[in-house]
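Here is a short report on one model and its packing. Have the sequence and the coordinates open as you read.

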Amino acid sequence: MLGIPEMDADHAHLFALADQLHAAVAQGAPNDSIRACLAALIDHVRAHSAHEEELMVRCRYPGLEEHKAEHQLLAEKAIQFQRDLLTGHPAARADMFRFLRDWLALHMANCDRCLAVYLKNELAGAKPSAV
Ligand SMILES: [Fe+2]
Ligand SMILES: [Fe+2]
């Protein structure tokens, strides 16, 4: 939990969607179901990324460009996974889940945490200490 309610709610939803994707992969669900889970996750990632980027612009966050680039990397990777699933690439399912899980955990622990610290300082009217 980062202490910014709107970000925390979005992140909880992202993890719930990632859990659904994991369950579908673990149960050997058909590609159609995996694709539907991935599409739901991608939709939420896009909406969440846009929301964070809007917050960053609004508060003149100095790390905006780097953070946006990370979001963009995830979007590109997710589209590649969708393509791999369509073509039946054999390693696609396991690779996809591992990448998404690790990316979400790392991004939230690093980039999103820095943003949350900055936002909390801004809200408190203090000068940001570490970004
Ligand atoms: Fe982010
Ligand atoms: Fe986030």
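From α1 come Met 7, Asp 10, His 13, Leu 14, Leu 17, Ala 18, Gln 20, Leu 21, Ala 24 and Val 25. They meet Ser 33, Ile 34, Cys 37, Leu 38, Ala 40, Leu 41, His 44, Val 45, His 48, His 51 and Glu 52 in α2. Contact here requires C-beta atoms, placed from the backbone, within 7 Å. The residues of this contact divide into 13 nonpolar, six polar and two charged. Ala, Val, Leu, Ile, Met, Phe, Trp, Tyr, Cys and Pro count as nonpolar, Asp, Glu, Lys and Arg as charged, and the others, Gly among them, as polar.

This is a predicted model: local features need pLDDT of at least 70, side-chain atom pairs count only at pLDDT 80 or more, and totals for chains, interfaces and linings use all residues. Residues are numbered from 1 along each chain as its sequence is written, while chains are lettered from A and ligands numbered from 1 in the order in which they are written.

**Helix pairs**

The chain has four helices and zero strands. Its elements run α-α-α-α from the N terminus on. Helices (H or I, at least four residues) and strands (E, at least two) are DSSP runs, numbered from the N terminus.

Axes are lines fitted to C-alpha atoms, for helices over the stretch in contact, and angles run from 0 to 180 degrees between N-to-C directions.

| Pair | Axes come within | Crossing angle |
|---|---|---|
| α1 and α2 | 9 Å | roughly 165° |
| α1 and α4 | 10 Å | roughly 170° |
| α3 and α4 | 11 Å | roughly 170° |

The axes of α1 and α2 cross at roughly 165°, which makes α1 roughly antiparallel to α2. Angles under 35 degrees count as roughly parallel, over 145 as roughly antiparallel, 65 to 115 as roughly perpendicular and the rest as oblique. α1 passes α2 in a left-handed crossing. Left-handed means that the near helix is turned anticlockwise from the far one by less than a right angle; clockwise would be right-handed.

The axes of α1 and α4 cross at roughly 170°, so α1 is roughly antiparallel to α4. On the α1 side the contact uses Met 7, His 11, Leu 14, Ala 18, Leu 21, His 22 and Val 25. Their partners in α4 are Arg 93, Phe 97, Leu 100, Arg 101, Leu 104, Met 108, Asp 112 and Ala 116. By class, this contact has 10 nonpolar, two polar and three charged residues.

Helix α3 (residues 64–86) and helix α4 (residues 92–123) also cross at roughly 170°. α3 is therefore roughly antiparallel to α4. His 67, Glu 70, Leu 74, Lys 77, Phe 81, Asp 84 and Leu 85 in α3 meet Ala 92, Met 96, Phe 99, Trp 103, His 107, Cys 111 and Leu 115 in α4. The count is nine nonpolar, two polar and three charged residues.

**Cores**

A nonpolar core is a set of buried Ala, Val, Leu, Ile, Met, Phe, Trp, Tyr and Cys residues joined through C-beta atoms within 7 Å. A residue is buried if 20 or more other C-beta atoms, placed from the backbone, lie within 10 Å of its own, exposed if 12 or fewer, and partly exposed in between.

The largest nonpolar core has 14 residues. Ala 18, Leu 21, Cys 37, Leu 38, Leu 41 and Phe 81 touch the most other members. α1 (5–26), α2 (31–58), α3 and α4 each supply at least two residues. α2 gives the most, with five. A second, separate core of six residues includes Ile 4, Tyr 61, Tyr 118 and Leu 119.

Cys 37 touches Gln 20, Leu 21 and Ala 24, not counting residues up to four places away in sequence.

**Overall figures and exposed sites**

Of the 131 residues of the chain, 18% count as buried. The C-alpha trace spans about 50 × 25 × 20 Å along its principal axes. Among contacts with a separation of 6 or more, 65% join residues 24 or more positions apart.

Arg 60 lies in the loop between α2 and α3. Its phi is near 50°, a positive value in a residue other than glycine. Arg 60 counts as exposed because it has 9 C-beta neighbours inside 10 Å.

Glu 54 sits in helix α2 and is exposed, with 10 other C-beta atoms within 10 Å. Ala 109, in helix α4, is exposed with 11.

Conventions
Two residues are in contact if their C-beta atoms, placed from the backbone, lie within 7 Å.
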